[in-house]
Amino acid sequence: MSVLPTIGLEVHVQLATETKLFCGCPTTFAAPPNTAVCPVCAGFPGVLPVLNRRAVELAIRTALGLGCEILPRTKFDRKNYFYPDLPKDYQISQYDLPFSRNGRLEVDIPHGPGGGTKVVRITRAHVEEDAGKSLHDRRPAETCVDLNRCGVPLMEIVSEPDLESPDEAHAYLAELKRLLLALGVSDCTMEEGSLRCDANVSVRPAGTTALGTKVEVKNLNTFKGVKRALEHEIARQSAALARGERIAQETRLWDEGRGVTAPMRSKEEAHDYRYFPEPDLPALEVPRAWVEEARRALPESPRARRGRFVSAHGLPASDAAVLTEEPAVADFFEALAREIGEAKAAANWVMGEMLARAKDAPGGFRALRVTPAAVGDLHRRVRGGAISANQAKEVLAEMAATGRAAAEVIAARGLAQVSDEATLAGAVASVLAENPGSVADYRAGKGAKAIGFLMGRIMKATGGRANPNRAREILEAELRGRAGA
Amino acid sequence: MRVTADLVAHVAALARLRLGPEEAEAYRRHLEALLEYVRVVETVDVTGVEPSPYPFEIALPLREDVPVPPLPREEILRNAPARTDEFFLVPKVIEGKGS
């Protein structure tokens, strides 16, 4: 049976604050267990939450970036459930007066039937605190609980069920991540749990309009996992429909290792969260001035930037896409393009050697110790014939690792290319004197073979430093002269 | 809304409370009296009045995003009924959580 999937995503993204949402504990990733915990986030009796101003600012920026309407008055609510890593037995979240709602994200769907631009509606984006972490595998009979993440500020971004395939869901997540990075509101590292995703999935037979029963799939911790989980879940629901079964409305957990979703065993009532207003936090009147200031400071969206790299810099769309994955990369490209006045050459520097280095560097692209001015300087040296393009790769790698200038690296490695006429002519003359056989070959009409061999000798004689184009010109002129004589 | 024994059992289960039959009946009567009171309040005409989740209007104070030292781990873990040097320990739970 042919089916149409309908997918909505709930994305949890960690806001890039120094401290937690309601207390001053640091949000450092991978701190030793239970070392970033205080009476507030551990849920001790009698403590009071105090809202982090920076989290509010980042939430405003996120909401505006998503084109959301920001509610002038927003409040926090308690979402009640029992789990060992939730010491208060409730999560401070937002229920009926969320921070923002009614946004949109334009997503370029690369291929397939839905290819083109798609507007995904954003239902709401609200602020909430994270829970702690339960480690089930450390001990045979007990679960270990680490409360470091308790109270870490999250923004939950809920989409309308506008996505119609796992590929579309993937494209939406990728665009959302690019936007959040450009806004500077989150690190978006899925491995560190700063971007997490749940999906609502249903299928309906092709040709029908009523949506099928919605199943919630949790525990999607990688982009690839999201796609695989959705593919699996859609296949599972399709097969059930084909057998004439009803789809149960339930929550299922994705098992990345086994590649399947399985129902959570909880009883229905576990999902009765009994939301009620958080009595310890009065409503937040969001200052209009903050909103307007944030609106003015909003950066260009990655999608607009991508378009501009094509229209204004004349780059191929594929280059523009690679360069706008990360704002630091796009910024570097633009500065370098200005520096050397050639967009495509700038794109090649960044996409080639620099991104290759960034992949291996622990801190990624931003950890590379070169400035656009330094790469521009290197570029001019290659153009001027001081070193070859191949040597430049080595030089750039060392510059990126050490922060040294191009001139310094070239001198230290003895790489400077020899373009000096007299030096090259001397090298050509001695190589020709040592290889009369090749000169004879040339005369006998085997020019290409002779030149190839002699160029190899010249490069060897100069330690690889001869400017190959100049050396070849001199060699060819010399051979022509001798042949004519 | 009538408060039935089933409703009391449901609410008690949500709150992880184990109630004996007499207790359950006592709570049933309490809850019913409570709802009776709400029914009286509901008769007040509130047309044009904004819902107010809080009894008083005060501005929400905000805190600067500046770290303060957490409690030493030994202190955080001190009252735990079961623990290691690093973790709280609870009976094995394998299911996912609410959100």
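A contact here means heavy atoms within 4.5 Å. With that in hand, welcome to a quick tour of a predicted model. Among the contacts in chain B between residues at least 6 apart in sequence, 27% join residues at least 24 apart.

**Chain B: fold and dimensions**

- Chain B is built from three helices and two strands, and reading along its sequence gives the pattern α-α-β-α-β.
- The radius of gyration of chain B is 22 Å, whereas a compact globule of 99 residues would have one near 13 Å.
- Taken along the principal axes, the box filled by the C-alpha atoms of chain B is roughly 55 × 45 × 25 Å.

- Buried residues make up 21% of the 99 residues in chain B.
- Chain B has an accessible surface of about 7500 Å², and carbon and sulfur atoms account for 62% of that area.

**Cysteines of chain A**

- If you are looking for disulfides, the count over all chains is zero.
- C23(A) is in no disulfide, and its nearest cysteine sulfur belongs to C38(A), 3.7 Å away; a disulfide would need the two sulfur atoms within 2.5 Å.
- C23(A) counts as buried because its relative accessibility is 5%, and the cut-off for buried is under 20%.
- C68(A) is likewise in no disulfide, with the sulfur of C188(A) as the nearest cysteine sulfur at 16 Å.
- The relative accessibility of C68(A) is 7%, so C68(A) also counts as buried.

**A closer look at K133(A)**

- K133(A) sits in strand β9 of chain A, which covers residues 133-135.
- With a relative accessible area of 43%, K133(A) is partly exposed, because that class lies between the 20% limit for buried and the 50% limit for exposed.
- Leaving aside residues up to four places away in sequence, K133(A) touches D85(A), C144(A), V145(A) and D146(A).

How values were computed:
Residues numbered from 1 in each chain as written. Chains lettered and ligands numbered in written order. Predicted model: local features only at pLDDT ≥ 70, side-chain atom pairs only at ≥ 80, totals over all residues. Heavy atoms only, no water. Buried < 20%, exposed > 50% of the residue type's maximum accessible area, 1.4 Å probe, protein only. Helix = DSSP H or I, 4+ residues; strand = E, 2+ residues; numbered from the N terminus. Rg over C-alpha atoms; globule rule 2.2 N^0.38 Å. Areas by Shrake-Rupley, 256 points an atom, 1.4 Å probe, with all protein chains shown as cover.
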